[in-house]
Structures are given as C-alpha cells and as structure tokens.
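Here is a short report on cores and aromatic side chains. Read it with the model open.

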Amino acid sequence: MPKSGTTFIMRYQLDLINHAMPQNGVEEVQKQFPGGKFFPSIDCEKVEMLRRISAENGDCLIKTHSAPSFSIKELVDKGEVKAAFCFRDPRDTMLSAIDHGERTRKGLDSTGAFADIYTLKDAIPLAEYSIKVYYKWREYGQAIFIQYEELMSNKLGYLRDIAAYFGYKCEEDVLLAIFQKHEKIKEQARNFNKGVINRWKSEMSQEDLMFCNEIFKADLLAMGYKLL
C-alpha cells in the first residue's frame with residue numbers, strides 16, 4: 001500500500017538479507033530491471049526472470065503496490081516467495097501523498113512520484129486503489145501484515161518479527177544495529193515524509209475530515225480505524 005512504510009520495511013529486509021545471505025540476487029535484480037527493486041506489476045515473464053536470478057545468485061528482494069496477482073500467488077503458494085504487506089490509515093496516506101507530491105515538484109524525487117497530487121480530492125483515486133489492494137491481500141492472507149501505526153511505535157519488535165517470518169537468523173545485536181542505522185538515515189530518504197501516525201487528527205480541518213469519512217467510512221472501520 002503506497003505511503004505506508006513500504007520502502008522503510010524494504011530497507012530492513014535488505015539489511016537482513018545482506019547479513020544472513022551475503023551472496024544474494026538483490027543487485028542482479030537492480031541491474032536487469034529498469035525500475036530496480038520496484039515492480040509496478042508482476043507477470044509470468046518477470047516471474048521466470050526472478051526465478052533465474054534467484055537460482056543463480058540467491059535470495060532477491062522486490063517491492064510492489066499491486067494486488068496478489070496469479071503470478072504472485074503462484075510464487076507464494078509454491079513456497080518460492082514470502083510476502084510482507086504494509087497498510088496505513090487511508091487518510092494519512094492521502095496527506096503523505098500530498099507532501100510527497102510537493103517534494104517531487106521541488107525536484108527532490110526524480111521518479112516523479114505523486115507529482116499530480118495537490119489536494120485531498122486529488123488523492124482519492126490513490127486511496128481507493130490502495131484500499132482495494134488491501135482487501136485483496138487480506139482475502140488471500142499469505143503474508144505478514146504490517147500496520148504502519150503499530151510499526152512506528154514498535155520498529156525493533158517488527159524487525160524481529162520480519163526476520164523470523166523470512167527465516168533470517170540474526171543475533172539481537174545485529175537487529176539493534178539495523179534498527180539504529182535506519183533511525184539515523186530515514187530523514188534522508190526521498191520516500192520518507194514525517195513518519196507520524198494519526199496525522200488526520202491535527203492536519204485535517206473538520207470539513208476535510210468529514211469529506212474523507214463520508215467516502216471511506218465503511219473501509220476505515222473494516223480496516224480497524226476510528227472515524228474521530
């Protein structure tokens with residue numbers, strides 16, 4: 001789910017892979033795919049390329065905001081892949097996308113991400129898409145689910161959970177070093193905005209909050225979020 005800590009979690013995973021498996025396929029993925037580790041979608045052709053890279057080099061790491069497609073499910077169901085799914089209060093993802101769009105327009109993100117998002121109204125399609133993807137991953141269920149709000153209050157705990165889920169054996173001092181490393185560098189990342197939870201409570205006007213709640217009420221409640 002965009003703007004829900006996916007890049008932050010990916011960096012945790014990257015350090016875990018590099019520690020547990022120094023010989024891996026991460027760099028080879030970046031060499032062979034134009035988007036590096038980010039895949040807008042995953043089809044059969046990409047699956048076969050990833051299989052080859054993994055067989056020749058070791059574990060790979062990719063990021064996607066897509067729903068669990070047939071190709072993704074095939075990999076997971078066969079035990080070839082493990083997935084992590086991050087999600088966040090849609091109202092905060094909208095605010096974060098607005099911030100990111102402003103940074104992009106200032107030239108701080110060369111990817112052009114969210115450049116067309118100026119207002120909450122502009123961010124509605126992003127939120128709607130993200131919620132649909134959330135439901136599809138919940139229905140499929142084969143992933144470790146990471147709620148942004150819980151992640152921000154227990155990063156080291158989630159880092160331990162992620163390491164265990166993906167089968168990477170790391171000593172506690174290694175996990176602590178990874179945690180501390182990313183606490184120091186997170187504000188330099190182009191994808192990092194504020195790292196704050198419940199932004200909607202202080203940053204949305206009453207009118208804006210009512211506007212969002214009217215559109216997403218059922219979804220917010222289904223995802224476990226409060227309206228006020």
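## Aromatic cluster and nonpolar cores

One aromatic cluster is formed by Phe 85, Phe 87, Tyr 134, Tyr 135, Trp 137, Tyr 140 and Phe 145. Rings of Phe, Tyr and Trp (its six-membered ring) pair if their centres lie within 6.5 Å. The structure holds nine aromatic pairs.

This is a predicted model: local features need pLDDT of at least 70, side-chain atom pairs count only at pLDDT 80 or more, and totals for chains, interfaces and linings use all residues. Residues are numbered from 1 along each chain as its sequence is written, and side-chain values use heavy atoms, with hydrogens and water left out.

Two charges sit over rings (NZ of Lys or CZ of Arg within 6 Å of the ring centre and within 35 degrees of the ring normal):

| Charged residue | Ring | Distance to ring centre |
|---|---|---|
| Arg 105 | Tyr 118 | 3.8 Å |
| Arg 138 | Phe 145 | 4.2 Å |

The largest nonpolar core has 41 residues. Such a core is a set of buried Ala, Val, Leu, Ile, Met, Phe, Trp, Tyr and Cys residues joined through side-chain atoms within 4.5 Å. Buried means under 20% relative accessible area, exposed over 50%, partly exposed in between (1.4 Å probe, protein chains only). Phe 85, Phe 87, Met 94 and Trp 137 have the most contacts inside this core.

Trp 137 is in contact (heavy atoms within 4.5 Å) with residues including Pro 68, Phe 85, Gln 142 and Phe 145. Gln 142 is partly exposed, at 43% relative accessible area. Gln 142 also contacts Val 76, Ala 83 and Tyr 165.

Technical notes. Rings of Phe, Tyr and Trp (its six-membered ring) pair if their centres lie within 6.5 Å; planes under 30 degrees apart count as stacked, over 60 as edge-to-face and the rest as tilted. Lists of a residue's contacts leave out its neighbours within four places in sequence.
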